[in-house]
Amino acid sequence: MLPELDHRTVERLHAARQGDRVAFAEICEELEEALSRAVRHHLTEERQEVSESRVREIVDRVRALAVAELAEKPGDWSTYGWLSWLALREMTNGHSAARAAESRNDRAVDIREG
């Protein structure tokens, strides 16, 4: 369940956009369970490893990205929607990077064997 958008949440989001990291951390904590569920769901859909450590790793990376990119958050997106989008982007980019690394490793093995 997502927290309701109340006056306090709006104030914290405004403060976070002004650089208040504590306010942003509070918002992320409130959304962490819902974001973790979204990450688990996407990993399952993509038939990727679904472990608590993997979910935690992705959520932590998303939080770091969100702090760095907060000024770029579209004003008409909910914070949860934006964090979910960042998670999807991160998982997609990470999955693509892992595939590329596997491909490079496979080619390296072929070259050594050939």
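User: Before we start, what counts as a helix in the pattern of this protein?

Analyst: A helix here is a DSSP run of H or I with at least four residues, numbered from the N terminus. In this predicted model, reading along the sequence gives the pattern α-α-α-α.

User: What makes up the secondary structure of the protein?

Analyst: Four helices and zero strands.

User: Why is helix 1 called oblique to helix 2?

Analyst: Let's set the value against the cut-offs. Helix 1, residues 7-17, packs on helix 2, residues 21-45, at an angle of about 130°. Roughly perpendicular covers 65 to 115 degrees and roughly antiparallel means over 145, with the rest counted as oblique. The angle therefore makes helix 1 oblique to helix 2. Their axes lie 8 Å apart, and the crossing is left-handed.

User: Which residues make the contact between the two helices?

Analyst: Helix 1 brings R8, T9, R12, L13, A15 and A16, while helix 2 brings A23, F24, E26, I27 and E30.

User: What share of the protein is buried?

Analyst: Buried means under 20% relative accessible area, and 32% of the 114 residues are buried. The accessible surface comes to about 7600 Å², with 52% of that belonging to carbon and sulfur atoms.

Conventions
Residues numbered from 1 in each chain as written. Predicted model: local features only at pLDDT ≥ 70, side-chain atom pairs only at ≥ 80, totals over all residues. Heavy atoms only, no water. Axes fitted to C-alpha atoms, helices over the stretch in contact; angles between N-to-C directions. Parallel < 35°, antiparallel > 145°, perpendicular 65-115°, else oblique. Left-handed = near helix turned anticlockwise from the far one by under 90°. Contact = heavy atoms within 4.5 Å. Buried < 20%, exposed > 50% of the residue type's maximum accessible area, 1.4 Å probe, protein only. Areas by Shrake-Rupley, 256 points an atom, 1.4 Å probe, with all protein chains shown as cover.
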